[in-house]
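User: I would like to go through the strand and helix packing of this model. Could you begin with the conventions?

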Amino acid sequence: MKKTMLPYILSLFGYLFLTAIIFFPVLFQGLAPATPDSVSPMATSIALDLLKEEIGRYPLWQPWSFSGMPTVEAFTYLNGLYYPGVLLGLFGIDGLLLQLLHFVFAGLGGFVLLRHVRLRDTAAFLGGAAFLMTPYMITMFVYGHGSQLMTAAYMPWILWAALRLLGNMRPADMGILALLLGFQLQRGHVQIVYYTWLLLILLVLMTIVWGEPVLRYVRKYTMLFAALGIALILSAVVYLPVFEYAPFSVRGAGSGGGASYGYATMWSMHPREFITYLLPGAVGFGGITYWGEMPFTDYPNYAGLVVLLLAMAGFILERHQAFVRFLGVSLVLMVLLSFGKYFSPVYDLFYHTVPFFNRFRVPSMALIVASFDLALLAGFGLNAVTKALSGKWMYYLNIAMLVIAASALVFLIGQGLVGGFVQSLFPAPRVENVELAGLIDTVRWNLWKSSFFWMAGIGGLFAALLWLRSKALLGMALTNALLVILALADIYIVDRQIVSPAPDTLRPSRLMEHHTLDMAFEEDDITGYLSADTTSAYRVYPAGNLFSENKFSVFGIESVGGYHPAKLRLYDEVLRATNNLASIKFLRLLNVRYVLSTLPIEDPQLDLVHQGELRLAGGPSSAVLYRLAGTLPRAWFVREGIAADPGMNVVESVLGGRYDAGQQALVEKAPWRGKRTFGKAEILSLSVGPERIEVSVNAEEEAFLVLSEVFYPLRWKVSVDEQEESMYRTNGLLRGVLVPEGKHDIVFSFDRGAFENGKKLSFAGLAMALVLVGTGLSALQPGRNPL
């Protein structure tokens with residue numbers, strides 16, 4: 001047993017070491033990611049943690065961003081629903097440390113998977129390490145996409161569990177697969193989950209192609225799909241609310257409930273950008289130097305030159321193995337999907353026909369699976385290449401060495417001509433400063449040039465090691481060890497530029513000292529002034545570059561701005577129509593009392609009330625606070641209701657029409673036609689909570705109440721004197737309700753039913769999976785390979 005476990009233990013420590021080296025600044029120098037994608041959810045999480053403690057239950061609505069939006073069903077604040085994270089949190093392992101441990105988990109998964117398919121320890125270690133270190137994974141941590149990283153870390157483990165189940169057909173293997181799939185789903189990056197399920201479907205199809213007795217594959221596929229079903233039940237606490245929310249989300253804005261084609265394909269990978277797999281700096285290195293076809297990117301798609309060469313060798317030399325063919329087919333499929341709009345036949349087929357595929361954007365995200373495939377194939381390559389150095393392979397190796405040497409010589413001699421040609425391809429930098437534009441082009445060329453020399457150097461060392469091995473000047477074990485070191489050093493150089501960019505690359509570090517980052521969430525002059533105003537409910541409008549700032553949530557300050565990729569669709573429609581709410585009319589409708597700006601604003605409707613420091617993650621800045629005249633309260637009665645015609649663009653009508661927002665309301669699906677006059681009414685009291693709003697009113701005759709809260713009928717319900725009533729979309733965005741004559745208590749409450757039902761189902765799914773696992777499992781016993 002000790003001998004059996006030793007390679008796994010040594011690999012575990014190896015992956016811990018690699019993670020520590022790559023993220024040395026984070027683990028040992030007190031730095032933390034400080035990009036908008038990491039800071040914004042951090043602020044929201046702090047606020048939701050406080051709210052959870054205050055109300056004593058899991059918060060499902062947060063009122064501080066975009067005038068209010070869901071949490072769980074918009075994939076916000078999922079850490080408390082991710083069972084492994086909850087368990088590790090009991091031991092103080094959470095936040096960044098939890099994310100870093102998922103790197104180790106990913107690497108170890110690759111090792112376990114490759115050992116399962118009979119690769120030697122060294123080759124298996126390389127496969128796991130190459131996946132752990134792939135620049136895509138590193139970037140996800142540095143730039144605040146921890147859910148992508150942690151979800152992707154499950155891919156090798158899920159393939160391992162699926163192979164065990166298909167090979168052995170044991171209930172325990174079904175249980176372990178269900179657990180891994182369920183935990184991956186809980187982690188909440190559904191696009192990575194989707195790609196993982198595509199891998200499983202491809203695995204099933206390929207095992208069918210290679211054939212087995214009908215009764216055997218019917219039984220094992222029944223067990224596989226049962227495991228998938230249990231996984232869905234285990235993750236129901238997240239996905240039951242999420243699927244119901246999808247039609248209301250900006251990501252469900254296309255036909256059939258999916259994202260529109262243009263939105264879905266914005267980050268398509270142009271085929272010519274695949275040169276970055278050889279030259280990581282060929283189209284810039286992300287940020288301001290990037291000159292490819294995507295809107296922007298923060299990293300090059302690079303898997304390591306040595307990994308790429310070994311993967312090619314692995315596929316060629318081991319193509320007789322079914323699992324290698326599976327990896328090759330998966331690699332080709334993911335590359336074709338990553339092309340998106342640039343090579344549409346395959347992508348379009350999936351977008352228009354495969355269920356749920358059209359809900360995702362960023363086709364280039366499929367390349368995380370391609371990098372995973374390359375890492376595993378590299379393990380096969382290392383396993384085979386040092387055995388095959390004879391005959392025609394030596395001829396190919398000699399040719400490769402000559403090509404590398406000749407390319408380097410030609411580049412050195414004709415560097416001026418090559419440089420002129422390459423620089424002629426650069427588009428004009430997206431900056432106005434001519435001097436800066438020239439500097440950017442210089443950096444672009446330097447990145448291209450250094451990448452070429454690095455490729456030549458690494459390629460030369462790779463060929464030299466194989467040549468020395470072919471002459472028996474190096475033993476097989478030493479050659480393998482040196483190839484692993486060379487492969488990991490190759491990837492590490494690129495990883496280091498992502499974690500700690502060199503100053504001459506024009507890319508600032510995205511890491512910040514913890515105490516500096518903490519200051520961004522502390523009270524400052526502006527948040528202190530706003531927090532002191534407790535007279536009544538109100539919102540703030542952060543203008544210009546402050547619009548996406550989520551800091552205000554930490555102090556319970558409600559904002560009409562914010563940052564979230566899955567905001568409510570109707571709110572997004574208003575943002576687009578008003579250029580991020582640059583409309584006094586809508587600011588008044590949204591109960592905006594203060595306008596915050598880093599620049600002075602000249603407008604007679606804005607009164608300067610305060611100036612001071614606003615501390616953000618990017619550093620402190622001077623800010624100006626204005627009070628908006630004529631803003632509407634959180635709730636009010638109108639004297640006239642106007643029924644919106646079917647097909648009418650209500651938002652444009654509100655913007656362009658001559659409506660008195662305080663006295664008139666444009667109501668969709670109103671139970672009357674044309675205009676209707678309402679009686680006088682008054683609000684006696686108003687209590688605003690995160691999931692419950694109570695309004696006591698007195699109406700002389702039937703009246704119409706407008707509540708300045710986002711219309712979201714799926715969850716928010718209204719009752720009058722404990723009797724549920726209809727709620728109407730008013731002025732394109734808000735909630736409206738008819739109030740009968742007399743005194744009444746009106747309650748708007750958030751329906752928690754889907755979440756609570758999902759929570760019960762998740763516990764049931766966990767119990768089912770654990771019972772299956774409990775039937776007995778020898779976790780590292782290789783078992784039978786179904787391929």
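Analyst: Two strands pair if DSSP finds at least two bridges between them. Helices (H or I, at least four residues) and strands (E, at least two) are DSSP runs, numbered from the N terminus. The model is predicted, with local features needing pLDDT of at least 70 and side-chain atom pairs counting only at pLDDT 80 or more, while totals for chains, interfaces and linings use all residues. Residues are numbered from 1 along each chain as its sequence is written, and side-chain values use heavy atoms, with hydrogens and water left out.

User: What is the strand order in the open sheet of four strands?

Analyst: The order is β5-β6-β8-β7, and the pairing is mixed. β5 (539–542) and β7 (606–616) are the edge strands; each has a single partner strand, so one side of each lacks a neighbour in the sheet. On average, neighbouring strands are turned by 30 degrees against each other, direction ignored. Axes here are lines fitted to C-alpha atoms, for helices over the stretch in contact, and angles run from 0 to 180 degrees between N-to-C directions.

User: How many bridges join β7 and β8?

Analyst: Ten bridges join β7 and β8, in the antiparallel sense. The two strands form a hairpin with two residues between them, and R615 has P620 in β8 as its bridge partner.

User: And what about β6 and β8?

Analyst: β6 (residues 592–597) pairs with β8 (residues 619–628) over four bridges, also in the antiparallel sense. There, S597 is bridged to V624 in β8.

User: Which helix lies across β5, β6, β7 and β8?

Analyst: That is α24 (residues 525–532), which runs at about 125 degrees to β7.

User: Changing topic: which strands pair with β20?

Analyst: Among them are β14 and β16. β14 (residues 692–699) pairs with β20 (residues 742–750) in the antiparallel sense over eight bridges, and S696 stands opposite D745 in β20. β16 (residues 716–720) runs antiparallel to β20, with five bridges; V718 has F748 as its bridge partner.

User: Now the helices. At what angle do α9 and α10 pack?

Analyst: α9 (residues 155–168) and α10 (residues 171–187) pack at about 155 degrees, with their axes 9 Å apart. That makes α9 roughly antiparallel to α10, given that angles under 35 degrees count as roughly parallel, over 145 as roughly antiparallel, 65 to 115 as roughly perpendicular and the rest as oblique. The crossing is left-handed, meaning that the near helix is turned anticlockwise from the far one by less than a right angle; clockwise would be right-handed.

User: Which residues meet there?

Analyst: In α9 they include W157, I158 and L165, and in α10 they include I176, L177 and L180; contact means heavy atoms within 4.5 Å. The residues of this contact divide into eleven nonpolar, two polar and two charged. Ala, Val, Leu, Ile, Met, Phe, Trp, Tyr, Cys and Pro count as nonpolar, Asp, Glu, Lys and Arg as charged, and the others, Gly among them, as polar.

User: How far apart are the axes of α10 and α28?

Analyst: The axes of α10 and α28 (residues 753–773) are 7 Å apart, at an angle of about 145 degrees. α10 passes α28 in a left-handed crossing. Residues of α10 including L179 and F183 meet residues of α28, among them L766 and L770. This contact has twelve nonpolar, one polar and no charged residues.
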